[in-house]
Amino acid sequence: MKIKGVVKKLLGDGLVVAEGEKWSKVRKLANHAFYAENLKDMVPAMIASVEAMLEKWRLYEGKEIDVFQEFRFLTSEVISRTAFGSSYLEGKDIFEMLTKLGFIVGRNAEKIRLPGIEKIFRSKDDIESDKIEQSLRNSILAIIKKREDKVMTGETNNFGSDFLGSLLKVRHDSVKKNRISVDDVIDECKVFYIAGHETTSSLLSWTSLLLAINTDWQEKARKEVLELFGKENPTSEGLARLKTVTMVINEALRLYSPVPSLVRRAKGKVNLGEPERFAEGVAKATKNNPMAYLPFGSGPRTCVGLNFATNEVKIALLMILQRYKFTLSPNYVHFPLVVLTVCPQHGVQIMLEPVGV
Ligand code: HEM
């Protein structure tokens, strides 16, 4: 896929846009890093990140909290820990720069420019995005170098089993033709930092909004969570048994799909807000038409983070439901806005009430 301008500065030639052999090489690495056993090993890090978030929520009991900001922070922490072996704080500059680039992409999306005009006339956004791209590159290089240094100095004998580790293993492959360049590694880091948190925080925010409005579904979901886990933390196996929570997530994905660019138009009457449609799974709900419901896309380029994101969303939701009842704050202003994903422009303010009080 050919991309230009600020979008190119944001995504480079990373997995989302790569094609042919390059796509296939990185896709295999990503498939491996975000599936099966590796995914199972990420569950404790996800739980620890949600626990840290909920510890902070204690200060907001009986008060209003903007969960959109909370989930942005949470999902940044989760992708940093699981894919890059670091923390939100270490990647803070990277997230801030990616967010700024995302805004520049958003405000230039509808503008039509003459081809090559940016070589003659540099707009304020061209200049700013160049600067951000350079600083972004330096910050990601620092994270890469830190990991490489550990191997070079003998502190460890491999690059690690997370996504960054797999990229660096290929970067330093003993067979030269198998290697990828440092620019390739940087582009993939950008893609996974963005894709790993923008989408998931959007889904968590919209799901919370829907549950705050539909408190009957919130109760059903809480009942299921308490029956399965009580007040205990979830297990990887237990996540697969969440039926109601999965229905709610599927319905939130249908109503507020974080990735809005796969455009679909309803042909007939559509009933809003009915998680029951997913009671017997997605296949039944779509009458076995796999193209009728595409929140994660379809085919060989389907979202590589599907299971990762679903696990993260389930863990966060169930741990919130175990502890809190919540309703929408009167200060909430409904304004879904497409920046990179569909986000609530003015946040999602909910009122928190501890369960059992
Ligand atoms: C609720 C969360 C998410 C949603 C709704 C979502 C949605 C999507 C969609 C619609 C696509 C395009 C698929 C197609 O063209 O058929 C996609 C691709 C992709 N997603 Fe996600 N995504 C989510 C989370 C994630 C996460 C957490 C990661 C990384 C850990 C991720 C990484 C990617 C990548 C790398 C691609 C490009 C795959 C390729 O072209 O081979 N996504 N995603």
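Modeller: Axes here are lines fitted to C-alpha atoms, for helices over the stretch in contact, and angles run from 0 to 180 degrees between N-to-C directions. The model is predicted, so local features need pLDDT of at least 70 and side-chain atom pairs count only at pLDDT 80 or more, while totals for chains, interfaces and linings use all residues. Residues are numbered from 1 along each chain as its sequence is written, and side-chain values use heavy atoms, with hydrogens and water left out.

Colleague: Why are helix 5 and helix 9 called roughly perpendicular?

Modeller: Their axes are 11 Å apart and the angle is about 80°. Under 35 degrees counts as roughly parallel, over 145 as roughly antiparallel, 65 to 115 as roughly perpendicular and the rest as oblique. Helix 5 and helix 9 are therefore roughly perpendicular.

Colleague: Which residues of the two helices meet?

Modeller: I94, F95, L98 and T99 of helix 5 meet K190, Y193, I194, H197 and E198 of helix 9; contact means heavy atoms within 4.5 Å. These residues divide into five nonpolar, two polar and two charged. Nonpolar means Ala, Val, Leu, Ile, Met, Phe, Trp, Tyr, Cys and Pro, charged means Asp, Glu, Lys and Arg, and the others, Gly among them, are polar.

Colleague: What relation does helix 8 have to helix 9, roughly parallel or roughly antiparallel?

Modeller: The axes of helix 8 (residues 163-171) and helix 9 (residues 182-213) come within 10 Å and cross at roughly 165°. That makes helix 8 roughly antiparallel to helix 9. In this contact F163, L164, L167, L168 and R171 of helix 8 meet V182, V185, E188, C189 and F192 of helix 9. They divide into eight nonpolar, no polar and two charged.

Colleague: How do you know whether V50 is buried or exposed?

Modeller: Buried means under 20% relative accessible area, exposed over 50% and partly exposed in between, with a 1.4 Å probe and protein chains only. V50 has 2%, so V50 is buried. V50 lies in helix 3 (residues 36-57) and, not counting residues up to four places away in sequence, touches L74, I315, A316 and M319.

Colleague: And K325, buried or partly exposed?

Modeller: K325 has 34%, so K325 is partly exposed. This residue is in strand 2 (residues 324-328). Beyond its neighbours within four places in sequence, K325 is in contact with residues including Q218, E219 and R222.

Colleague: What makes K287 and N288 worth a look?

Modeller: Most residues other than glycine have a negative phi. K287 has a positive phi of about 50° although it is not a glycine, and N288 has a positive phi of about 55°, also without being a glycine. K287 is exposed at 74%, and N288 is exposed at 62%.

Colleague: What makes C303 a donor of the iron atom?

Modeller: Donors are N, O and S atoms within 2.8 Å of the metal, or 3.2 Å for Na, K and Ca; water is not among the atoms, so sites may look incomplete. The SG of C303 is at 2.3 Å from the iron atom of the ligand, and C303 is its only protein donor. C303 lies in the loop between helix 13 (281-285) and helix 14 (306-323).

Note on methods
Helix = DSSP H or I, 4+ residues; strand = E, 2+ residues; numbered from the N terminus.
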